[in-house]
Amino acid sequence: MENNYTVLARKYRSQDFESLIGQDVLVKTLTTAINTGRIAHAYIFTGIRGTGKTSTARILAKALNCLSSDHATSKPCGVCENCRAIAAGQHIDVMEIDAASHTGVDNMREILDAALYRPTNARYKVYIIDEVHMLSTSAFNALLKTLEEPPAHVIFILATTEIRKVPVTILSRCQRFDLARVPVETLKKHFAWVAEQEKIELSDGANELLARAADGSVRDGLSLLDQAIAQTGGHVDEGAVLDMLKRTDRGTVVNFMKTVLSGDVNVALNKLDEIYNNGADLTMLLNDMMEWTHWATRMYPSLRLQDATSSPYTADQRETIKKINENISLNTLSRIWQVMVAAVPELQASANQKQCFDMLIVRLMHIADMPSIPELLKQNAVGTPKEEAKPEPVKSKYLEIKNSDELVHALQSARELLLCSYYTTNLEIVDFEVGKIKYFDRKGDKDFSQKLTTWLKDKTNQNWTIERIEEAPHQQTISEHTKSEIEADPMVADAMNLFEGAEIVNISK
């Protein structure tokens, strides 16, 4: 029996520039070029799968050969003989070539020999070479000369998902367009429109999940929508999509992370058992936990990013995350992120993912309880005699910077992170006096001394002489010295021995 059903990704494929979603810059550039007659002889489209590379190539071929006008038009009619044949992939003068199955130099020679002849029914003979990065080196070399100076009636359109594998000599002969990932909101509008055309009930929650699972790909999203419709019979709700994707509801993930950070191992493992028994995919659960950690970090008060509205969480869930952030440190979020990243390959390689995940939760909860390195050093200092408290003098609006450590502290307090990072990481301080610094710069940034001089003058109301020497004294930088001191501390050594292969990768004060 004939199967008359067409999948949504093909049925709603863009047929003109106006229906090409999420690629506004590309559309504007190509339509302007066509309207002004500035048509290049070779184009290359790159981007992730499902963003419209081949669709754009077909639309461009229709625009060049549409019979509704006596010249190329940015608004192909879509109904003339040429437009219909190109859309169906059946036009004799528009050849779509799969580079994955035509990789050799002999295949390329056949194409180039045919390019010499004028088109039969169209203005331009168009060659669309899909996944062009799959061509062999000899095939690329055969293409070079013709691609640079093709016959006037030939247009080459190349498409690839692996632009780095395409030789620079090929790229330099083409106009390059990078197709962006389609934003979630744009995908949601498109999926809602498709559901309306198909007379399908699609809930807002389900639409949100599908748009985010599509990861910027229109085709992937429509394929998921097709699958959801087949599973539900046309009533697509959030629960059905979660079940299809084997994902856990974000509210559940937020509450689960709250439990993990609470410190009760028994409750956390019982909650994990419940989530697992409900059919959750543990790989997806780990991705959701990493997503939560990323957004919790973005929403952390001290970072002052305040970029929560674009997060995938509801207002109530964002409030919960903010309350969690009040009881944990930024160092804790950073540490659990590192542990989860390291757990990704472990989970993939494990023969029993549930056991691996149980151990991950235990590891997360213990690392969340660990004090930070500055706190360990403070604890080590307990018992040393303290100086008597003195009344604080009236603070001047200008800083007093007497040594290198005070300068580092002042830069950190002023949130001059780039200056501070460069100062502590790349400089070997030879001499530091009030008003004078002598140093060796491992990287040789000529502008650094001017930037630091200007900042010090503004903050201390004092002229500073900052001198860079040419010969390295072979001293430790501030960061190297601090790391050496910390590694030598016995309490830090004990803390690092808790985890095999642990190392100090960053130090924050």
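Reader: Which residues of α12 are buried?
Author: This model is predicted: local features need pLDDT of at least 70, side-chain atom pairs count only at pLDDT 80 or more, and totals for chains, interfaces and linings use all residues. Numbering runs from 1 along each chain as its sequence is written, and side-chain values use heavy atoms, leaving out hydrogens and water. Buried means under 20% relative accessible area, exposed over 50%, partly exposed in between (1.4 Å probe, protein chains only). In α12 the buried residues are Arg250, Gly251, Val253, Val254, Phe256, Met257, Thr259 and Val260.

Reader: How many of the eleven residues of α12 are buried?
Author: Helix α12 covers residues 250-260. Helices (H or I, at least four residues) and strands (E, at least two) are DSSP runs, numbered from the N terminus. Helix α12 is largely enclosed by the rest of the structure because its buried residues number eight.

Reader: At what angle do α9 and α11 cross?
Author: Helix α9 spans residues 204-214 and α11 spans 238-245. Axes are lines fitted to C-alpha atoms, for helices over the stretch in contact, and angles run from 0 to 180 degrees between N-to-C directions. The two axes come within 7 Å and cross at roughly 30°.

Reader: Which residues of α11 make the contact with α9?
Author: Contact means heavy atoms within 4.5 Å. Helix α9 brings Gly205, Ala206, Leu209, Leu210 and Ala213. From α11 come Glu238, Val241, Leu242, Met244 and Leu245.

Reader: Is histidine 41 buried, exposed or partly exposed?
Author: Histidine 41 lies in the loop between α2 (24-35) and β1 (42-46). Its relative accessible area is 31%, so histidine 41 counts as partly exposed.

Reader: Which residue has its backbone oxygen 3.0 Å from a polar atom of the side chain of histidine 41?
Author: Not counting residues up to four places away in sequence, histidine 41 touches Leu147, Glu148, Pro150, Val154, Ile155, Phe156 and Arg173. The C-alpha atoms of histidine 41 and arginine 173 are separated by 8.9 Å, at 132 residues apart along the chain. The backbone oxygen in question belongs to leucine 147.

Reader: What is the relative accessibility of lysine 199?
Author: Lysine 199 lies in the loop between α8 (184-197) and β6 (201-202). It is not a glycine, yet its phi is positive, about 60°. Lysine 199 counts as exposed because its relative accessibility is 74%.

Reader: What is the relative accessible area of histidine 474?
Author: Histidine 474 lies in the loop between β10 (465-469) and α22 (478-488). Its phi is near 60°, a positive value in a residue other than glycine. Histidine 474 is exposed, with a relative accessible area of 69%.

Definitions and conventions
A polar contact is a pair of N or O atoms within 3.5 Å; within protein, one must be able to donate a hydrogen and the other to accept it, and residues adjacent in sequence count only if both atoms are side-chain atoms.
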